[in-house]
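Here are my notes after a first pass through the file. Have it open next to you while you read.

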Amino acid sequence: MITKTANASESKLRQPPTAPGLPLIGNAIRFMTSKGLPLEFMNEAAARYGDIVRFKVGNQSIYLVSAPDLVHEILVKRVNEFHKAPIGLETSKGLGRFLGTGILTADHEEWRPQRKLIQPLMHTQHIASYADTMAHFGQKLVDLWGDSAVRDIHADMMQVTMWIIAETMFGADVTHTPALAAADHDAQAITVADVQSPLPGFMTHGRDRQAVEVKKVLTDVVQRFMDERRAQGNQDRSDLLSLLMETRDEDGNPVSDEYVRNNILTLFLAGHETTANTLTWVFRYLDQNPDMLAKLQQEVDGVLAGRLPTFSDLPSLPYTLMVIKETMRIEPTVATFPRFIGVDTAVGDYRLEANSVIFISPYVLHHDPRFWSQPEKFDPEHFSAENEPNIPKYAYLPFGGGPRVCIGNHFALMEAQILLAVIVSRYSLHLAADKVVEPVRLITSSPEGGLPMRLERRHS
Ligand code: HEM
């Protein structure tokens, strides 16, 4: 039986085109040999075959949906029919291995109370109070740079965003440990491998074993946050950690440590690396476009005249925000995100088979010439006050969409705007001479091997 579709009666349904591949294995080689997601391949397939194209990876069907109205159908109109985690494997494969059924990975009924609990912390009035912390840590980073010649900007952005998320959400002081960064990277690689090379269970023992080790590193950090808070005895701070630790179930009993841990880990991971990668790409594009860097610095100097930005300065820094939004268009850090279907269904007038994966790809949508003039060109003017209103809905979704839209979207934009303003007011950054920049697209996209940049100090 096919579940109802919003647009078509069953008799009109058709099969989506399948990207040509090899007998038996289909497109497996493209997916399994790529360092992350094969985005260029997916992009070409979307351009060639249209709104939905099917890839086969062995027996697994992956449908890439790249029409805004169909994306809207999945993320908004029929949100309850599509699952966030592989069906039946919710906590043993994909992100669920690491995050359990926390807010990012839980489905429908289990997700709703978690979103309701955390949402108030992300309201504009609340996040406004984080602006000074963000500026403070931006200052701390540039103080640390001093007269350095070359820095790995990706590592530095990871560090500063980690300081900020730990302080604002958990009142915790963290220093960026290589073990944590490595665990984070491995967790993403394992998750992507789970989705795009779904081998039978007996072939994934190595991956399963590695996942257990990675989870331990991540869990230990989070447990430390909880232990420190309990030791302090004051659980009445109004941050996420207190909120989670004080949560009660319907019977008034404290929720399990695991529930608390899953959500701390989710917010900790989702809340820093995404913004760090976005800023990393910002500096890459600004170096390639010196006129845009000059325009940005002129705006920032004009508004701030050397002081730190505050929440009330943000509306006066529109070009800063345009640069960030354009970076999230051309290199969206969450380049593709999946949904899972357990039963035969249809989207638009296309049939989709049970037990498949749907890919929604901001990257593919953001590079579609139907919606963007010169999509391969970095151009912040796409987001000028004049042009932004003309972007079709659901053609730009760096933060996803519908009820599951990123809960941290305002936090992230504010953080990126503040950090960018602090940094470019003090330094101009240029790519180190011998570096070739290759993106690795796991769950989030970052430059392979980091981004070494030469620092040029501005006014002292
Ligand atoms: C530039 C930065 C960021 C980007 C590009 C980004 C992107 C995304 C995307 C695309 C989704 C939806 C995934 C899906 O529908 O499957 C998402 C969800 C989420 N993000 Fe972000 N994010 C960013 C920053 C943040 C920050 C700063 C936080 C926390 C402070 C955060 C926390 C979350 C959470 C908890 C969810 C799950 C929401 C739910 O399902 O209810 N993100 N993010």
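Predicted model: local features only at pLDDT ≥ 70, side-chain atom pairs only at ≥ 80, totals over all residues.

1. Three strands make up an open, antiparallel sheet, in the order 3-11-8. Strand 3 (150–152) and strand 8 (427–431) are the edge strands, each pairing on one side only. On average, and ignoring direction, neighbours in this sheet are turned by 40 degrees against each other.

2. Next, the helices around it. Helix 8 (residues 153–170) lies across strand 3, strand 8 and strand 11, and runs at about 60 degrees to strand 3. Helix 17 packs on the sheet too, where it touches strand 8 and strand 11. The direction of helix 17 makes about 90 degrees with that of strand 8.

3. On to the nonpolar cores. The largest one has 119 residues, and Trp145, Met157 and Leu420 are among those with the most contacts inside it. Helix 17 supplies the largest share of this core, 12 residues. A second, separate core has 18 residues, including Phe340 and Phe359.

4. Trp145 is worth a click. Leaving aside neighbours within four places in sequence, its contacts include Arg151, Met157, Ile423, Tyr427 and Leu455.

5. The iron atom of the ligand has Cys406 (SG) as its only protein donor, at 2.3 Å. Cys406 sits in the loop between helix 16 (362–366) and helix 17 (409–426).

Key:
Residues numbered from 1 in each chain as written. Heavy atoms only, no water. Donors = N, O, S within 2.8 Å, 3.2 Å for Na, K, Ca; no water. Helix = DSSP H or I, 4+ residues; strand = E, 2+ residues; numbered from the N terminus. Pairing = 2+ DSSP bridges. Axes fitted to C-alpha atoms, helices over the stretch in contact; angles between N-to-C directions. Contact = heavy atoms within 4.5 Å. Core = buried A, V, L, I, M, F, W, Y, C linked by side-chain atoms within 4.5 Å. Buried < 20%, exposed > 50% of the residue type's maximum accessible area, 1.4 Å probe, protein only.
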